[in-house]
Amino acid sequence: MKLHCFQRAFFHSSPSLIPVQLPAPMETHLWYMKPSEVKSESLLKEYLDILSPCERKNVLQMGGEELRKSALLARALVRTTIARYQINSEITPRSLKFRKNIHGKPEVEWQYSDDWHPPSLHFNISHTSSLVACGVTVNSQIGIDVEEKHRSIKHNVLSFARRYFSEHEVQFLAAISDPQVQRMEFIKLWTLKEAYVKALGKGFSGAPFKTFTIRSKSVPEEGFNKLEGSSLKASEIVVDSFDNPTVLTSNWQFLLLELANSHYAAICTEKHGASEGDRNVPVKLTVWKTIPFLEDECVSGTDAVKTICGL
Amino acid sequence: MASVSSATCLSFRTSIGLPVRIHNQKISKGLVVVSLGWTKTRNFPSSRTSRLQICAAKAETVEKVSEIVRKQLALSPETQLTPQTKFSELGADSLDTVEIVMGLEEEFNINVEEENSENITTIQEAADLIEKLVEKKN
């Protein structure tokens, strides 16, 4: 693979990133890292080096080495990922600036001049101590959430659901007799709801979990599982919003994946030009496992990415 | 009515923003006996009445919150917790935070609205909100 060194090398040559084309409309890119696989101190130092002073401070304030590491990798991942798209020759991982929208959702603050307009690139990150992920789209809002498959829930699943989820979702979970299966369906549902709220960009209180239901469209009892021999439509995930029934919840589409055999990942993106009657256009998803500056591996179609629903 | 279980010195502001100190008061439960010393300040608007508001949550509440946080995040006993510790710094993600809030609701028999749960980012903030909600209930 050809390596590009796209930072102007006057003081020192910076480590290089393999460039990638921006996702097409209706295409989603997902990049992820496993902190346990990043062991090199010098590499971690390089990551620390590309952060802004503010980000560095936040990373170092985390309590404990493991937490510091995943916080560092989350920032390094988002900076290196966006820089890969080579939006223009000025952009490097270090030069990127970020800000928060009025609801607190992070976005890129493009430094642009009169004769250059940035692309409508959207991103969202999610991290656990064992996996850090960044989703990228063009022209679509995106929200992602990752959780460990075997994550423990301290409370009783149904008590939790009754407190935070919608009635329909409580009924769905209550109908599952096996506690292990129930817990896993709960986690899948949680990631989907989180991804939706993050895509909306209004924060947890902007779209309280009780005010919308996420469900599997055609075969609700089957929950969020890969149905053998199912068509695309059968495993479609949809959201119903109670607060705003007219607000186009048909504008959102969901993907639920199992990543690296260890995590559930939910991706929620905006659909454009869609209406209820339209044939569902499948979303194209490309997934990379990465250690920025070191190696990238496109893992789409491998065992590392198992689609559960939505593709 | 505020009650303070032990205090050697409390500082706070009156509703018109005057700094006030209470010194070494032995306080019995339910009764606050204070002698007020106005700290030196310019622009003393004596014509206004002032209402005292004690803003710090009880040490007991802070302790209970810390315990719930420790349990939820499975922290090692060596992990230091201060009232200013942010949940995020302890590695709490959104699911942890929601579980913490749920634990607090159960412990204190209160209901935290979604708008408020976003404002709970530290142990102190949780304790302050709890006391506010408990007071509103009673």
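# Salt bridges, strands and loops in a predicted model

In this predicted model, the side chains of Arg99(A) and Glu107(A) meet in a salt bridge with an N to O distance of 2.9 Å; a salt bridge here is a side-chain nitrogen of Lys or Arg within 4 Å of a carboxyl oxygen of Asp or Glu. Arg99(A) is partly exposed at 40% relative accessibility, and Glu107(A) is likewise partly exposed, at 29%. The terms of exposure are set as follows: buried means under 20% relative accessible area, exposed means over 50%, and partly exposed lies in between, with a 1.4 Å probe and protein chains only. By the salt-bridge rule, the count over all chains comes to 17. Side chains of opposite charge can pair when their charged atoms come close.

The conventions of the model are these. Residues are numbered from 1 along each chain as its sequence is written, while chains are lettered from A and ligands numbered from 1 in the order in which they are written. Local features need pLDDT of at least 70 and side-chain atom pairs count only at pLDDT 80 or more, whereas totals for chains, interfaces and linings use all residues; side-chain values use heavy atoms, with hydrogens and water left out.

Chain A contains six helices and 13 strands, where helices (H or I, at least four residues) and strands (E, at least two) are DSSP runs numbered from the N terminus. Of its 311 residues, 53% are buried. The chain exposes about 14800 Å², of which carbon and sulfur atoms supply 52%; accessible areas come from the Shrake-Rupley method with a 1.4 Å probe, and for residues only the protein chains shown count as cover.

An unreviewed UniProt entry places the feature "domain: 4'-phosphopantetheinyl transferase N-terminal" at residues 44-133 of chain A. UniProt positions are given in the numbering used here, feature names are shortened, and annotations may be inferred rather than shown by experiment. In the model, this span is 39% helix and 17% strand, and its end C-alpha atoms lie 17 Å apart.

Strand β1 of chain A, residues 27-33, holds His29(A). This residue is buried, with a relative accessible area of 3%. The side chain of His29(A) makes a polar contact of 2.7 Å with the side chain of Tyr85(A); a polar contact is a pair of N or O atoms within 3.5 Å, and within protein one must be able to donate a hydrogen and the other to accept it, with residues adjacent in sequence counting only if both atoms are side-chain atoms. Leaving aside residues up to four places away in sequence, the residues that His29(A) touches include Val20(A), Leu22(A), Cys134(A), Val136(A), Thr286(A) and Trp288(A).

Further along chain A, four of the five residues of strand β7 (residues 212-216) are buried, so β7 is largely enclosed by the rest of the structure. β7(A) pairs with strand β8 (residues 237-241) of chain A in the antiparallel sense over five bridges; two strands pair if DSSP finds at least two bridges between them. In β8(A), Ser241(A) is the bridge partner of Phe212(A). A salt bridge also joins the side chains of Asp240(A) and Arg215(A), at 2.7 Å from N to O. Asp240(A) lies in strand β8 and Arg215(A) in strand β7 of chain A, so the pair ties together parts that are 25 residues apart in sequence. Asp240(A) is partly exposed at 27% relative accessible area, as is Arg215(A) at 22%.

Salt bridges that share partners join Glu147(A), Arg151(A), Asp93(B) and Asp96(B) into one network. Within this group, the side chains of Asp93(B) and Arg151(A) meet at 2.8 Å, N to O. That pair crosses between chains, from the loop between α1 (59-73) and α2 (94-108) of chain B to the loop between β6 and α4 (157-164) of chain A. Asp93(B) is buried at 18% relative accessible area, and Arg151(A) is buried at 11%.

Most residues other than glycine have a negative phi. Asn139(A), however, has a positive phi of about 70 degrees; this residue sits in the loop between β5 (132-138) and β6 (142-148) of chain A and is partly exposed at 41%. Asn261(A) has a positive phi of about 60 degrees, lies in the loop between β9 (252-259) and β10 (263-270) of chain A, and is partly exposed at 40%.

Terms used: Contact means heavy atoms within 4.5 Å.
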